[in-house]
Amino acid sequence: MGVKSIYILNKAGGLIFQRDFGDSLSKLDSNDYLVIAGTLHSVHAITTRISPVAGSSGLTVMETPSFSLHIFQSQTGIKFMILTDRQQYGIDSIASRIHHLYSDYVMKNPFYTLEMPIRCEKFDRYLGAYISTVA
Amino acid sequence: MIYSFWMYDRHCECIYSRDWHRSAAHEDKEDLQKLIYGSVFSLRNITRKLSDDDAFLSFQTSKYKLHFFESPSNLKLVLITDPMMSDACNALRQIYAGLYVEYVVKNPLSPIEHPRGTGVDNDLFNMGLDSFVRSLQGFA
C-alpha cells in the first residue's frame, strides 16, 4: 500500500537518494539503482522528442500491472521519482510534500554539497514519518 | 485522439507503422522509430527489474500517452494517443490476436522474418487495422 519507493536524481541523472518503503518491490543492489536512475533520466529526455505534438514535457507517469511510477522535476532540474500503488491518489501533494522536506532538511543543511548523495539524518527521519502517514 | 501505431519484431526492427492524426511532422521517421523503440525497451527492462510484471502498460507525458503490449514471441505493439485516452492494452491485444495472427501469421505468402525494408505489407491487415482503430473510443 501507499508509496513503495522514492528516488531523487540530480541534474545530471545521478542517483542522490533512494529508499524503499515496504517490500513489495524486488530488492536490487546499489549498482542496479544507479542504472535505473540513469536510464530513466535518458528516457525522460527521449520522450520529449517522440511527441506527436510540439512542446511535450518528459515522461510523467508510467503504469505497470503492479505499480505506477511518477516523475516530478523541480525548477532546478532535480527529479523526484515516486513509485506507488496503482490505487494511490493525490500524488501531486505527496510530491510537493517531499519537495518541501528536501528543501527544508537537505538544501538548508550547511554540510550538504549540491549534486552529491543525500546523507541527512533529519531528512531520512521526517521522510519516513511522512510516508508512513500516507494512506 | 489516436496519433500512430508501431510494431517491432524480436530483432528490434520496426516492421509496421501507421499515422492517423499527425501534427508535429518529424523530419526523420527512422530516427523516430528508433527513439520510440529505445524508450519502450528501457522502460520494459526497468519494470522487469523492479517487479514480477512482464512489461509496463502505458506511460504518458503532458502531451501524449504511449500504450504498450508485448506478445509471447516478443513482438512489440505500440499505440500513441492523447493523454486522455484510457488504457488501450486490450485494444493492442486484439490487434495482435485478431489481425496480426489472422492475416499476417496465418498467411502462407507472408515472410516469417521481415528483414530491413520490407515489413508487414498486407492489404487485409492494413484495412482491418484502419477500421479497428477508427472504431476505438476516443479516435477522433
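Begin by selecting helix α1 of chain A and helix α1 of chain B: α1(A) passes α1(B) in a left-handed crossing (left-handed if the near helix is turned anticlockwise from the far one by less than a right angle, right-handed if clockwise). The model is a predicted one, in which local features need pLDDT of at least 70 and side-chain atom pairs count only at pLDDT 80 or more, while totals for chains, interfaces and linings use all residues. Residues are numbered from 1 along each chain as its sequence is written, chains are lettered from A in the order in which they are written, and side-chain values use heavy atoms, with hydrogens and water left out.

The two α1 helices span residues 30-49 of chain A and 29-50 of chain B; their axes come within 10 Å and cross at roughly 150 degrees. Helices here are DSSP runs (H or I, at least four residues), numbered from the N terminus. Axes are lines fitted to C-alpha atoms over the stretch in contact, with angles from 0 to 180 degrees between N-to-C directions. The pair α1(A) and α1(B) is therefore roughly antiparallel (an angle over 145 degrees).

Next, show the side chains of this crossing. In α1(A), the residues in contact include Val35(A), Ile36(A), Leu40(A) and Val43(A), and their counterparts in α1(B) include Leu32(B), Leu35(B), Leu43(B) and Ile46(B); contact means heavy atoms within 4.5 Å. By class, this contact has ten nonpolar, four polar and three charged residues (Ala, Val, Leu, Ile, Met, Phe, Trp, Tyr, Cys and Pro count as nonpolar, Asp, Glu, Lys and Arg as charged, and the others, Gly among them, as polar).

Now widen the selection to the whole interface. Here 33 residues of chain A are in contact with 29 residues of chain B. The chains bury about 2700 Å² between them, 66% of it on carbon and sulfur atoms; buried area is the accessible area (1.4 Å probe) that two parts lose on being put together, summed over both. Select Ile50(A), Pro52(A) and Met62(A), which supply 23% of the area that chain A buries against chain B, more than any other three residues.

Two salt bridges are found across this interface (a side-chain nitrogen of Lys or Arg within 4 Å of a carboxyl oxygen of Asp or Glu). Select Arg86(A) and Asp87(B) to see a salt bridge at 3.7 Å, N to O.

Finish in chain B, where α2 (residues 89-105) and α3 (residues 123-135) pack at about 160 degrees, their axes 9 Å apart. The residues making this contact include Tyr100(B) and Tyr103(B) of α2(B) and Phe125(B) and Phe132(B) of α3(B). Eleven nonpolar, two polar and no charged residues take part.

Terms used. Angles under 35 degrees count as roughly parallel, over 145 as roughly antiparallel, 65 to 115 as roughly perpendicular and the rest as oblique.
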